[in-house]
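Hi,

Here is the structure I promised to hand over.

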Amino acid sequence: MNKPLRRIAIFCGLLVLALLVRDNWLQYVQADTLRSDPQNRRVLIARYSTPRGDIVVDGNPITGSKKTPTDSLNDFAYKRTYKNGPMWAPVTGYASQAFGATQLESIEDGILTGDDDRLFFRNTLDMLTGKPRQGGNVVTTLNAAAQKAAYNGLKNVGGKGAAVALDPQTGAILALASYPSYDPSSFAGNSTSVDSKAWTALQKKNNPSDPMLNRALRETYPPGSTFKVVTAAAALEDGLYTSADQDTDSPLPYILPNTTTELKNEGNIRCKNASMREALRVSCNTVFGKIGADLGKDKMLAEAQKFGFDSEQYTPVRANASNFPEKMDKPQTALSSIGQFETAATPLQMAMVASAVANDGKLMKPYMVAKLQSSNLDTLEQTQPQELSRPLSEKNAQILQSMMETVVQKGTGTNAQIQGATVGGKTGTAQHGLNNSEKPYAWFISYAKLSDGSSPVAVAVVVEDDKANRDDISGGGLAAPIAKNVMEAVINSKK
């Protein structure tokens, strides 16, 4: 071969090599990036080219897919539909042709669209038989009756709020409600006139009630007196007090350490040296504030973190971390121990507190996906219950159960009593705003025990009621009846 031809051959070989390198770079190195690029319209077209799999509750789909006309303005074949969309939105999230996806719709998108690698064998069989690709299903742990009771209860109160119910023995989420809510179907398509208008109307800047906020998982509230359950647990675990009925060292008035500021109780209640049972029953700030100060910030922080504070939870939808402050002086520790100062909790977190007490001190990891299925209902993945921590010993958990049951039998939580079940609970009216100028939040956390000793449900409810008079807002008056209805729904579903 002469020299010019050899040079041309080498040059062409280099071009081919460069092409191969570039092709492999695109196909293997950058494949995932290009596939997920929001500018890659082929991804969206493929996502909506076939019906999505369903999100399932109690064996019934709460989602669907609808054929849409394709034209020059729309090249998506199907759009998502939702049954009782506002009730289930905190669980499903949304899948929109125009605005993307959130929550389960986003996290389990691969299963729902059929793109997940675990569906490869199923997709290969379908391809060989000429069937179109089919999405799998996401089977949730939710209880439809409990969800309905939670959502309708919040809706009937008329303010903002959230409710969470857990199975204490497994951590399965039975209800996850947030109000006000939204209908994901209203902007599931790609119409610039209809869907964009609905989307814009739901944004917080246009709608101060912020209906798209998942208050059950993403909003942290001052937990108020419901946090006294954690403080009581810390006192028992540390050995500061060893029973529910021994007198505490609780003067009245109680002056916050190193200050001249008196920590007051709400109303004319007998709190001087009250036992923890009595202090929880009538909700003595002075007793639990002093317990927190006596234990100190490090012991209080350690116990709060055992219950899940200061850690994000993944259900698999992410829940914001609840907060128990790390840097406090003694007065701030006292206030934090009664759910004030910088203490803040999601409704999920406070349901976790109630469930750990109900489950004899064992806290289970909360989860809302029971299993993932292929289109022919084969199980691809099953969630196994997982222990998260042990905030209390079995003995101390049972002491705390007896205290919480007294609250419901003859304390501030009588509105949560259920015939045929033993209910333990704690009310809370959390102050907020500068100098407590805003309406307080009404809290109630609880669990129900059946005659066989099992505890099928633990609940946390928080209500913001901007319209109510201050005297009308209380955990026992607003939140406890909602919790009662949720617990009854779970109990009845097991009969």
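**The sheet and the helix on it**

Let's start with an open sheet of five strands, in the order E9-E8-E20-E19-E18, with antiparallel pairing. Before going further, a word on the ground rules: this is a predicted model, so local features need pLDDT of at least 70 and side-chain atom pairs count only at pLDDT 80 or more, while totals for chains, interfaces and linings use all residues. Residues are numbered from 1 along each chain as its sequence is written, and side-chain values use heavy atoms, with hydrogens and water left out.

Helices (H or I, at least four residues) and strands (E, at least two) are DSSP runs, numbered from the N terminus. Two strands pair if DSSP finds at least two bridges between them.

Strand E19 (residues 441-449) and strand E20 (residues 457-464) run antiparallel and are joined by eight bridges.

Contact here means heavy atoms within 4.5 Å.

**Two helix pairs**

Two packed helices are described by the angle between their axes and the distance between the axes.

H8 also packs with helix H4 (residues 85-92), at an angle of about 110° and with the axes 10 Å apart. H4 and H8 are therefore roughly perpendicular to each other. The cut-offs: under 35 degrees counts as roughly parallel, over 145 as roughly antiparallel, 65 to 115 as roughly perpendicular, and the rest as oblique. H4 passes H8 in a right-handed crossing. (A crossing is right-handed if the near helix is turned clockwise from the far one by less than a right angle, and left-handed if anticlockwise.) On the H4 side, the contact is made by Pro86, Met87, Trp88 and Val91, and on the H8 side by Ala144, Gln147, Lys148 and Tyr151.

The other pair is helix H11 (residues 228-238) and helix H17 (residues 394-410), whose axes come within 10 Å and cross at roughly 140°. That makes H11 and H17 oblique to each other, and their crossing is right-handed. Val229, Ala232, Ala233, Leu236 and Glu237 of H11 meet Asn396, Ile399, Leu400, Met403 and Met404 of H17.

**The disulfide and the helix after it**

How many disulfides does the structure hold? The structure has one, where a disulfide is a pair of cysteine sulfur atoms within 2.5 Å. This one joins Cys271 to Cys284, with S to S at 2.1 Å. Cys271 is in the loop between strand E11 (262-263) and helix H12 (276-282), and Cys284 in the loop between H12 and helix H13 (285-295), so the pair ties together parts that are 13 residues apart in sequence. The torsion about the S-S bond is about -85°, so the disulfide is left-handed.

Are Cys271 and Cys284 buried or exposed? Both are buried. Buried means under 20% relative accessible area, exposed over 50%, and partly exposed in between (1.4 Å probe, protein chains only).

H13 itself has ten of its eleven residues buried, so the rest of the structure largely encloses it. Those buried residues pack against H11, strand E10 (254-255), E11, H12, helix H14 (297-306) and helix H15 (330-336). Just after H13, Gly296 takes a positive phi of about 90°.

**Two loop residues**

Asn214 sits in the loop between helix H9 (195-202) and helix H10 (215-218), and at 6% relative accessibility it counts as buried. Leaving aside neighbours within four places in sequence, Asn214 is in contact with Pro90, Gln103, Leu176, Ser178 and Glu219.

Thr50 is in the loop between helix H3 (41-47) and strand E1 (55-57). At 12% relative accessibility, Thr50 counts as buried too. Not counting residues up to four places away in sequence, Thr50 touches Tyr78 and Arg133.

Cheers

Methods:
Axes fitted to C-alpha atoms, helices over the stretch in contact; angles between N-to-C directions.
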